Amino acid sequence: MSREADGTRIEESMDTGKETAEKNLKLKDQNVSWAKLRRVDSFNLEAGRVSMVAHNRYKMGWRMTLSLAFQSLGVVYGDIGTSPLYVYASTFPNQIKNNDDILGVLSLIIYTIALIPMLKYVFIVLWADHNGNGGAFALYSLICRHMKMSLIPNQQPEDRELSNYKLETPSSQVKRVHKLKQKLENSHFARIVLLLLAIMGTSMVIGDGILTPSISDAVVGITIAILVVLFSVQRFGTDKVGFSFAPIIFVWFSFIGGIGLYNLFKYDIGVLRAFNPKYIYDYFKRNGKQGWISLGGVFLCITGSEAMFADLGHFNVRAIQISFSCITCPAILAAYIGQAAFLRKFPGKVANTFYDSIPHRLYWPTFVVAVAAAIIASQAMISGAFSIISQALSLGCFPRVKVVHTSIKHQGQVYIPEINYMFMIACIMVCAAFKTTEKISHAYGIAVIGDMMITTTLVTLIMLVIWKKSLWRVALFSLTFGFVEFLYFSSQLTKFIGGGYLPIVSALFLTTVMGIWHYVHKERYMFELKNKVSSAYLNEVANNTDITRVPGIGLLYSELVQGIPPIFPHLISSIPSIHSVVVFVSIKAIPVSRVASEERFLFRQVEPREYRIFRCVVRHGYNDLLEDPAEFESQLIQNLKAFIQEENYMLEVEETATEQAPAVPVASTNESEMAGKEGKGRSTTSSSPGIVPNQAASRASSDSIQSLGASATKSSTFLATPIQGAEEEIKFIDKALEKGVVYMLAEAEVVAHPNSSILNKIVVNYAYSFLRKNFRQGQNLLAIPCNRLLKVGMTYEI
């Protein structure tokens, strides 16, 4: 980093500090108690410096929105767009017994598409996005942002100051909302259920996504070859993949829409009577139980609807709404109507309706495009899997994998190499095993409808607590879609033995993996929280003449956001020395999509100030990518200097105000001591009453040491130099930086507590241990250079 850049940053910090000083002096003239001002946490000083301009996800221009809408054709709609290949064949496996049944099934298809993908997803669920991101984990994060439902107790008041975290002012009039929030927040069971719903919803989307539709036995080899190519190009990113695949899907929609209209006018325009829902009633009255079972085939017309929400992070709400309403929906409706008109004249050809209904001259072009479209169908779930796994990873619900951000313009477009190739292997195995569309249709849909039901449940909670909709609207949404989805789910269960078990088994496996990982992740945090070291431990370290300070900056990583982590005394006992500047670094996931760079770092001084020990919380959203080590280190040091600068000015202002207005009440010694404790929400600058800047620095240092009960002789090896003014302290940081930065990370061996249950021992000692050894290590994801990494071994018993 250049000296000019440092100088510029310092000047900016000085300007900010002077503004703060002027503001605080005005407050003094208004007889504001400085004791009250000193209760503001120093984390708030840093958080308060940034602009609080919330990100507007609708600010995107129409040109960009239309471009994204076109890209979404090649990413989102391959699955739902290829459903006309097999819906009628799956609905009538034993041929058509009554010609009017065609009208009944067509009516079911029309109103199912109108209700689920169009009304529910496009016009309701998409608006439940979380900073532009969709999926079960986005809904979970949105709920956790408004309610204290996270199992890991690391929430801080400063998090609400983030521009992307801004919440609406709660309405005190809506008493039922507050009562519901209170009940849910106080229920540990409700927290577990909410997390499980998010994990299961994510697992079901991924589990069903591996069931890529095949065309026929003759093209299995070609299908597998195309699948390999499909997964190989994912590394180029959604932007390029979308533009490459979008023309193919657009041509596909043009073909099926045009052929549908051709068949409608050629064979039987009377099928338009199916828009009358009376034919649905007649269909069930005529077929009874068999009609209910056939719903499993009808449901296939909307498989892939959940991809619109899961892939939302790659695009935006308007783009999805435009592409579905203007292109996808009209095309697939025309295709189903045209096939129904064809079947009215040729009911015996239901087993291969799509291909038999194609005009002779268009058969081969349509066949080629159909093969390509059916393979691209898996793209919707591939992109969705990348998005939701990226979210799960940041929330501690998935083993560590590498996340690559593939676009500068669109922050939600990500690529995960490990998941990509696992997905490819799974898709190829399923394609080779099932071979035909008829067989794969038995396995299709159960996990999809399960995810839809979970989405309905979570959005219902959001409507109640966050959107604060009236009870009758919430009930209308919940009961209408809940009833329809349960009806389809019950009919899908009849396919369980015929192949429906595959996505369920896949979903259960993924749920187990994610559940185990989050359980141990949470217990590790609780272990550190229970075993954190009190601030008094620093006094003991200062009194120990065997412990020395060595030049340099030490960054000690811990998941704790408050208190001294248990790894610190373990390090001191192993290596009786400590760097001249120490920073406890916590990488903390925030339930938002992204955290602005200027809002990312929060600092607190660990008292006494002479020890030059700081706490830094590095906040990131689930779509954030930690910078490269050099950039991360530079940002951390610059923000540390800015914090020292601002804190020093606050002390100067306080000193000036105290001298000019001695009658103003000052915080008592007891109050100041309480303010110095971690996690009490007080300013760190007020925790030691003897500390004042600049000319009084030496006296302050002496007073502080004496108040700790340690003599200057005993502490001389621990205290590098007395505390100085801001410029001197920044020079001290620069000198320490010249000696190098060392990263210290706990190499934790997580084992089950000897007195724990057998199940806990199996989960921790075997399942978690296996996952941890076979996935990426923590330092690979924390922007830590390996050549400056010091691992400290420690055993965590949970």
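Is Cys-326 buried or exposed, and at what relative accessibility? Select Cys-326: at 56% relative accessibility, this residue counts as exposed, where exposed means over 50% relative accessible area, buried under 20% and partly exposed in between (1.4 Å probe, protein chains only).

The model is predicted, so local features need pLDDT of at least 70 and side-chain atom pairs count only at pLDDT 80 or more, whereas totals for chains, interfaces and linings use all residues. Residues are numbered from 1 along each chain as its sequence is written, and side-chain values use heavy atoms, with hydrogens and water left out.

**Cysteines**

A search of the whole structure returns 0 disulfides, a disulfide being a pair of cysteine sulfur atoms within 2.5 Å. Cys-397 is likewise in no disulfide, the nearest cysteine sulfur being that of Cys-144, 9.3 Å away. Cys-397 is buried, with a relative accessible area of 1%.

**The whole chain**

Zoom out to the protein chain, which has 32 helices and 8 strands; these are DSSP runs numbered from the N terminus, helices being H or I of at least four residues and strands E of at least two. Of its 798 residues, 59% count as buried. The chain exposes about 32,800 Å², of which carbon and sulfur atoms supply 59%, by the Shrake-Rupley method with a 1.4 Å probe; for residues, only the protein chains shown count as cover.

**Aromatic pairs**

The search also finds 27 aromatic pairs. Rings of Phe, Tyr and Trp (its six-membered ring) pair if their centres lie within 6.5 Å; planes under 30 degrees apart count as stacked, over 60 as edge-to-face and the rest as tilted. Select Tyr-283 and Phe-284: their ring centres are 5.7 Å apart and their planes stand at 65 degrees, so the pair is edge-to-face. Tyr-283 counts as buried at 2% relative accessibility, while Phe-284 is partly exposed at 27%.

Next, select Phe-299 and Tyr-488, whose centres are 5.5 Å apart with planes at 45 degrees, so this pair is tilted. Phe-299 lies in the loop between helix 15 (295-298) and helix 16 (306-310), and Tyr-488 in helix 23 (residues 471-492), so the pair ties together parts that are 189 residues apart in sequence. Phe-299 counts as buried at 0% relative accessibility, as does Tyr-488 at 5%.

Finish with the aromatic cluster formed by Trp-252, Phe-354, Tyr-355, Tyr-363, Trp-364 and Phe-367.
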